[in-house]
Amino acid sequence: MYPIVDLVEHQTIAAVQSEADVDDAIKSDVNIVFLLTGSIFNVKELVDRIKQAGKGVFLHMEFIEGIAPDKSGVAYVAQYIAPTGIISTRSNLIRVAKEMGLMAIQRIFLIDRNAVIKGIKVVEQSMPDAVEVMPGVMPRVIQEMTGLTPLPIIAGGLVGTKQEIDDALAAGALAVSVGTKDLWF
């Protein structure tokens, strides 16, 4: 139903926040990398290295310097960078990415009950391949989100221990994105 479910083999996702950490992500056990760094000058090389290592790579559109998080930016990424997909907080970019044959992950921040309700409405309209909920250290809310949408849930943000990963997975998350390199192995 959702191709990302088949893509996830290791339920921890490397959230790479520094170019210096790309090699560690490549050597790690994870099979998906969220690339939260790079610029128009080096992002293709970073994506190609990650893909050559047999890993899926999703670019966070708002974090890549020199590539606008807009329709043209997504078109550029799809045509010239060719990652597995994108991550964005912007539902219009999710729709554009899907139209261009990229997988898309909608990132939403759950700060209160209103954000949960609004987030569900946003993902119902944009229909991403998965939803990344932040912060990811809220098992009760993750469980609630899995009951509110059929979309796969990825927990992310503030996850710092193996126990927090296990708790998010037990609550129904498909995977957990973490920036702590020790948790990638």
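Helix α6 (residues 113-126) lies across strands β5 and β6 and runs at about 165 degrees to β5, where axes are lines fitted to C-alpha atoms, for helices over the stretch in contact, and angles run from 0 to 180 degrees between N-to-C directions. Helices (H or I, at least four residues) and strands (E, at least two) are DSSP runs numbered from the N terminus. Helix α3 in turn lies across β2 and β3, with an angle of about 155 degrees to β3. The model is a predicted one, in which local features need pLDDT of at least 70 and side-chain atom pairs count only at pLDDT 80 or more, whereas totals for chains, interfaces and linings use all residues. Residues are numbered from 1 along each chain as its sequence is written, and side-chain values use heavy atoms, with hydrogens and water left out.

The strands β1-β2-β3-β4-β5-β6-β7-β8 form a closed barrel of eight strands with parallel pairing, two strands being paired if DSSP finds at least two bridges between them. Neighbouring strands of this sheet are turned by 25 degrees against each other on average, direction ignored. Strands β2 and β3 run parallel and are joined by four bridges, and Phe 34 stands opposite Phe 58 in β3.

A search of the whole structure finds two aromatic pairs, defined for rings of Phe, Tyr and Trp (its six-membered ring) by centres within 6.5 Å, with planes under 30 degrees apart counted as stacked, over 60 as edge-to-face and the rest as tilted. Phe 34 and Phe 58 form an edge-to-face pair, at 5.9 Å centre to centre and with 70 degrees between the planes. Because Phe 34 lies in β2 (residues 32-35) and Phe 58 in β3 (residues 56-60), this pair ties together parts that are 24 residues apart in sequence. Phe 34 is buried, with a relative accessible area of 0%, and Phe 58 is likewise buried, at 0%; buried means under 20% relative accessible area, exposed over 50% and partly exposed in between (1.4 Å probe, protein chains only). The rings of Tyr 76 and Tyr 80 have their centres 5.2 Å apart and their planes at 40 degrees, so this pair is tilted. Tyr 76 and Tyr 80 are four residues apart in helix α4 (residues 71-81), a separation of about one helical turn. Tyr 76 is partly exposed, with a relative accessible area of 28%, and Tyr 80 is also partly exposed, at 46%.

In α4 the buried residues are Gly 73, Val 74, Val 77 and Ile 81. Seen down the axis, these buried residues fall within an arc of 100 degrees, so they line one face of the helix, the arc being that of the directions from the helix axis to the C-beta atoms. The buried residues of α4 pack against α3 (43-52), β3, β4 (85-88) and α5 (91-99), contact meaning heavy atoms within 4.5 Å. The exposed residues Lys 71, Ser 72 and Gln 79 are carried on the face of α4 turned away from its buried side. Just after α4, Ala 82 takes a positive phi of about 55 degrees.

Helix α7 (residues 139-148) has Val 141, Ile 142 and Met 145 as its buried residues, which cover an arc of only 105 degrees around the axis and are therefore on the same side of α7. The elements that cover them include β5 (103-109), α6, β6 (130-134), β7 (153-156) and α8 (162-170). On the face of α7 turned away from its buried side are the exposed residues Arg 140, Gln 143 and Gly 147.
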